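These are my notebook entries on one structure. I set down what I looked up, entry by entry.

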Amino acid sequence: MKTCGFIDESLRYIEEHLEENLTVAEFSEQAGYSESGFSRLFRREMGCSVLEYVRRRKLLKASELILNGEKVIDAAFQYGWQTHSGFTKAFRQEFGFSPSLLRAMRMQADCLKGGNGMNHIIYNIPKEHTPKEDLFQLLKIEMTLNDNEIDIEELKQVYDFACQVYYGMKRYSGDEYVTHPLNTALILAQMNAEKNTVYAGMFCDALEKTKVTAEELKENLPLEAAVLVQTLKNYKLENQVISENEEVALIKIAERLHNMRTVKYMDEAEAKKKAKETLEFFLPVARKLGNNIFIEELNDLVLRFGV
């Protein structure tokens with residue numbers, strides 16, 4: 001596109017100062033125009049406002065950092081976003097998917113370089129029978145690494161409520177049942193899911209398997225997390241439009257991934273049924289989301305049953 005000389009200079013200036021808090025006043029003063037005059041000419045030449053252009057360039061540069069292995073929150077900070085959630089919202093508005101999926105692409109690329117069939121599992125998988133207290137510590141560490149502004153007290157309150165909701169329940173393995181939703185939440189945190197998505201993971205089947213009510217969830221969780229848990233109850237993976245339910249789909253897949261890790265504690269018929277469901281419903285959804293970390297491990301787990 002052929003642009004006016006002063007706009008070419010402005011574009012160069014933007015690229016050199018993307019990590020700074022740029023304003024229209026800076027550009028207009030440099031070019032010798034009023035703010036309104038500069039903005040009008042810029043939109044005519046570039047097809048968008050000055051700040052829209054700056055925002056897009058910042059997001060693209062942050063994307064490059066993420067693809068080069070940078071944590072999402074660090075890339076966000078470098079280009080002016082103060083919170084993980086604010087950056088994720090802007091990123092999704094621009095590109096239509098979350099930065100956690102972009103990070104997963106990078107993680108898969110690293111795995112492919114290794115040449116080892118199991119290298120796709122590059123996050124730490126807790127040992128079997130890890131108690132809920134240790135799982136919570138792992139979750140706290142992971143979420144702190146992802147978001148420097150995570151409210152630890154809020155996280156502890158959500159954890160305590162999950163322990164209360166699932167109190168007295170046991171899994172096939174004999175472990176406390178709450179370890180299952182905690183593992184689900186940890187998987188989501190390792191994939192850099194947003195805070196409320198992780199919180200909802202801690203209650204992934206609460207409305208189906210416990211006596212907790214939707215109102216109690218709203219009273220004890222951030223509203224967005226409570227709504228996600230309510231949506232989970234009626235969510236059928238094979239019938240949903242993935243682009244409209246990305247967070248819920250991620251939770252369902254994370255939950256199924258942990259179930260498949262522990263499926264050996266079920267009887268053979270039930271285990272094969274779970275593996276068949278995973279192959280028919282969960283893997284296609286994971287592929288649509290582009291989440292290759294989930295895809296590879298789920299594939300490995302399903303293959304053990306020859307389905």
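In which helix does Glu297 lie? I located Glu297 in helix H17, which covers residues 292-303. I number residues from 1 along each chain as its sequence is written. The model is predicted, so local features need pLDDT of at least 70 and side-chain atom pairs count only at pLDDT 80 or more, while totals for chains, interfaces and linings use all residues, and side-chain values use heavy atoms, with hydrogens and water left out.

**Entry: Glu297.** I looked up its accessibility: at 4% relative accessibility, Glu297 counts as buried. Buried means under 20% relative accessible area, exposed over 50%, and partly exposed in between, with a 1.4 Å probe and protein chains only. I then found a polar contact of 2.9 Å between the side chains of Glu297 and Arg261. A polar contact is a pair of N or O atoms within 3.5 Å; within protein, one must be able to donate a hydrogen and the other to accept it, and residues adjacent in sequence count only if both atoms are side-chain atoms.

**Entry: overall content.** I noted 17 helices and 0 strands in the protein. Helices (H or I, at least four residues) and strands (E, at least two) are DSSP runs, numbered from the N terminus. Of the 307 residues, 50% are buried. Among contacts with a separation of 6 or more, 65% come from residues 24 or more positions apart; contact means heavy atoms within 4.5 Å.

**Entry: helix H15.** I checked the length of H15 (residues 246-261): its 16 residues should span 22 Å at 1.5 Å a residue, and the end C-alpha atoms are 22 Å apart, which agrees. The expected span is 1.5 Å times one less than the number of residues. Because 16 of the 16 residues of H15 are buried, this helix is largely enclosed by the rest of the structure.

**Entry: helix H9.** For the 14 residues of H9 (residues 152-165) the span should be 20 Å at 1.5 Å a residue, and the end C-alpha atoms are 20 Å apart, in agreement. The buried residues in H9 include Leu155, Tyr159, Phe161 and Cys163. At the N-terminal end of H9 I found a cap by Asp151, with a side-chain oxygen 3.1 Å from the backbone nitrogen of Glu153.

**Entry: H3 against H4.** Helix H3 (residues 35-46) packs on helix H4 (residues 50-67) at an angle of about 55°, with the axes 9 Å apart. That makes H3 oblique to H4; angles under 35 degrees count as roughly parallel, over 145 as roughly antiparallel, 65 to 115 as roughly perpendicular and the rest as oblique. From H3, Phe38, Ser39, Phe42, Arg43 and Met46 meet Val50, Glu52 and Tyr53 of H4.

Entry: Which residues have a positive phi? I recorded a phi near 65° for His129 and near 60° for Asn192. Most residues other than glycine have a negative phi. His129 sits in the loop between H7 (99-114) and H8 (132-146) and, at 43% relative accessibility, counts as partly exposed. Asn192 is in the loop between H10 (179-190) and H11 (195-201) and, at 3%, counts as buried.

Last, I looked up Glu20, in the loop between H1 (5-16) and H2 (24-31). Glu20 counts as partly exposed, at 41% relative accessibility. Glu20 and Lys58 are 38 residues apart in sequence and 9.9 Å apart in space, C-alpha to C-alpha.

How values were computed. Axes are lines fitted to C-alpha atoms, for helices over the stretch in contact, and angles run from 0 to 180 degrees between N-to-C directions.
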